[in-house]
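Dear colleague,

I am handing over the structure below, and my notes on what was found in it follow directly after.

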Amino acid sequence: MANKILGNILRTRPSFMLFKRWEGSKSEKRVTVHDPFYSQPQKNKQSYLEVIKMFEGQDTRRRGHVEFIYAALARMREFGVQKDLEVYKALVDVLPKGKLIPRNIFQAEFMHYPKQQQCAIDLLEQMEDNKVMPDSELEQMLLNIFGSRGIPLRKFWRMLYWMPKFRNLSPWYLPEELPNDTIALARLAIERITSVDPDIKVEIWETEEIEASLDKTWIVSAQSESQKILLAEQPLDDPLIVKGPFNVYLREQVVSYFLLIGKTRPEIKDDSDPDDVSNIKKPLGIPGVVGSSQVPVVRQTVHEQDDGTIVSVCATGTSSRDSLLSWIRLLEKHGNPLLSSIPVIFTLTAPPSEMSIPETQPVKDRSKVEEIAS
Amino acid sequence: MNIARKLCTIHPSYVSRNLYRKFRFSAINYDTSTATQPQVQEEKFDFEDLKVIERTERRKAKIEPFMKDIFTSIFNRDMLAYPEILNKEETESMEARINAITNIFTDPKKTAEDRKKTLKGTRMYAAPVSLTRNGLASNVTESIRFLEAIASDFELGQEISDHWVGLLALQSGLAQEQYTMIIDDLITGDKPISLAIKERLAERISQADFRTAAEMDSQGIWRISGEKVCRYSNGYILVLASIEASRLKGFLIHPDAAGVNADGTFVTFAKTPATPLDMVSEVDLAHILGLSRLYAAVLSRCRLTSAIRSVVEYTRPRAFAGKPLADLTTIQSTIGNALIDIYACESAEYFTAGLLDGYVDPDAELEVAMCRNFITNHGLTTMLNLLSIPALEKEEECKKLLDDMRHVATRGESLDSVNMFIALNGIHHAGKVMASEVKQIRNPLMHPAFIFKKVLANRHQEKDDPKLNLYLSENLHPSLKQPSEQLEYCVLRMRFACETLMGRHGVKVATAYTELSRLAEAATEILVMTAVLARASRSYCIGLRNAETEMKLAACFVERTRDRVKKLIKDIDDGEYLNLDHFTVQFGRKMLDTNSSLVEKPTARTFW
């Protein structure tokens, strides 16, 4: 707690961090503002590291290094390096080695060089916020700078304990880097929400297969064998409903998906007394005969929920009504012939023109799509 | 205080008996007097044709089902007198037949054809058929003795055991005229009956578990369609099919019937005409077909016996460190363990056969299933242990033995389904007896007085130290006192286990599969322990050769098994978190969902 209060007092607001230089003539003593990050023509890792190098080379005593680090931290997102461990290490390297290590018990106890320590803690905090996993080299650097009793090192150790735990908390595994391809992303999203049934098959179709389609886009559709059977058993006079869009989040990315919902079977009704064990059912006992010769007509699978039976799930490239219509036709073509004779109602809650994923880059290589589909 | 409680709890009528027990007046033996009574002989004559006399049946009066009662900790002490079914003449004629069979079957020069010819010659294909129909009218005890001799040829053993079960089913299922028409063809042995009961598991959620159906066509002929797991040998087939959706009925398919198509271990029927077994009810059919479990147990045991022979043949001529290999105590102990298993299984089989043959209207379906359960449970492990002695040196023979064992252990049904059958039947019986008690246990706040009484009454059980009040040792040889107390302990724990299970799950106990299989295993071990003790005691008392070895085998087996039962029932009492079921089930579920290794490799890291 005390650390936190102290930290708040000591924290320098990065927005005020500017690089001050004396202007050319010594007589006037005017101060000018110079921002080396601003003047970089290209904002990438290379130029970011160059600025750090420049700062290190400027002055052997490295005056204003705390301010520099705060300013650099604030600019990371701009340069797109907020997830790069190497950059954080370069920043830590700016701090002087040896000087900040406490030499006696009092120094160690009363936060030796508080501004510098707080700066390093803030840097580590930013790493944590951006889910950048530190490594043992960083530990060594912090040890060389602040000594084994420094607070940044303690922060580092806590990070090493907790960060892997939080990183693996989600039962749905995602790759380190999410794919840039929207189809692959949609596939990941659909795989995640259909993971309730391990037997599910995810397929990627093109709406071009359907001649009448207006939107030429892709569809990631998922259906398991049991869903096919549940769909085939739907009553013909009861319409199926397309519901959506619903959102599923993959880290920062969001994907919209739609459900095809049918009628659900009645729930198992058991009014018998759960405490009455006087007549527990026993098997007939013919060796080899298990189960019964009839399938019970009650809710059995995970797909049958209170509000209906989910018979298929999809995400389309445009999320438009037309693409969903194509989806229904494609489902019909791929093993669900009943869809030709059963009415389908579209109850879409959002404007149909909304895109499923803000398509930053169109899929350039169609062969790649086929590869994923196969 | 303690003395007062002791005195109050003793029922006056037991005082005198317990006094005698205390001072070991062994001559005072109230209960076992019936066991030593001469057997009542009921002779049955066929008055239609006095020239041919049917076999005499000597059966005792009907008794309560033995193993079902064990689930409520009631032990019929008469059962500790090992059954003696056959008289002198019957034994002699049986031995003569067995000698004839064994001579041919153990001769390596004889071919499969010779062996089959011997079986036909000794009228083995007609064994269970009545004397009047030119059969042997053999009972179950004789059948398993015959089967033991035949089982050295594994294929023939399987064939003939199915054939016998089929014959019994036809005998009670067909009308007399129909039976008379085909019986002569059946007992020649050229067209043995194969059983077609088991089906493939359903592959879709809309498929029923049991799909073979029989329908009557316009001419009044039953026609069967479906697929079965069956070893088809171009003879008769006994098929189980469903009629009217939920009822099951047996059907006989004649050789060369239309629409039968065999493909490996599967046989498909396409509108195959069949004769229905109308005269037998579903329950009776279940009893008859259940016998195949007993035969499967015999076949498994014989596989184990031949494995021991093979290992002995391998070990004898070999040496290790300048000494005979047979001197290695590890090898000796492996073989010894296998022998205990064989002894136990054999005792249980003949014990069960005695129940089936010795009493009127026997209810021994559980015992039959338990025989099979025991050997399936232990047989494969024991076999693997045995076969690790020759290791890779007798590759082909070992492979064959192991594969046969695996085949016969899973033949017809899996271990789990036998377990479920045993446990559900037992719990059904226990449920009937304990219904009101369980209801009160499940609603403790409504019956506070009962709960206090129950806590007091169960205090020994909770400590895993029940009061031994069955006095089983009175019915056994005195030197078996300790093992008999161990058996007594196991029996007394069963009621507590059932009570715990039903108290915990209520009616849903029928779906607590992992716990039920423990209960089934424990009950199985109790049957086998009873059989082993009864047999050893009998052998020692009548002075059979090597009876002292039997006594030691029995004591070893009971000692070892008691710990197993103790553990099983403790696991039931502990519940899913302490016996780790909860977790193993979760791991399994996750594996089934993901089909990956669930954990990262040991070389994986999260940071560098």
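Between chain A and chain B there are 2 salt bridges, a salt bridge being a side-chain nitrogen of Lys or Arg within 4 Å of a carboxyl oxygen of Asp or Glu. In one of them B:Lys439 pairs with A:Asp273, with 2.8 Å between the closest N and O atoms. This is a predicted model, in which local features need pLDDT of at least 70 and side-chain atom pairs count only at pLDDT 80 or more, while totals for chains, interfaces and linings use all residues. Residues are numbered from 1 along each chain as its sequence is written, chains are lettered from A and ligands numbered from 1 in the order in which they are written, and side-chain values use heavy atoms, with hydrogens and water left out.

As for the interface as a whole, 37 residues of chain A are in contact with 47 residues of chain B, where contact means heavy atoms within 4.5 Å. The two chains bury about 3500 Å² between them, 65% of it on carbon and sulfur atoms; buried area is the accessible area (1.4 Å probe) that two parts lose on being put together, summed over both.

Not counting residues up to four places away in sequence, B:Met502 touches residues including A:Val277, A:Ile280 and B:Ile427.

Best regards
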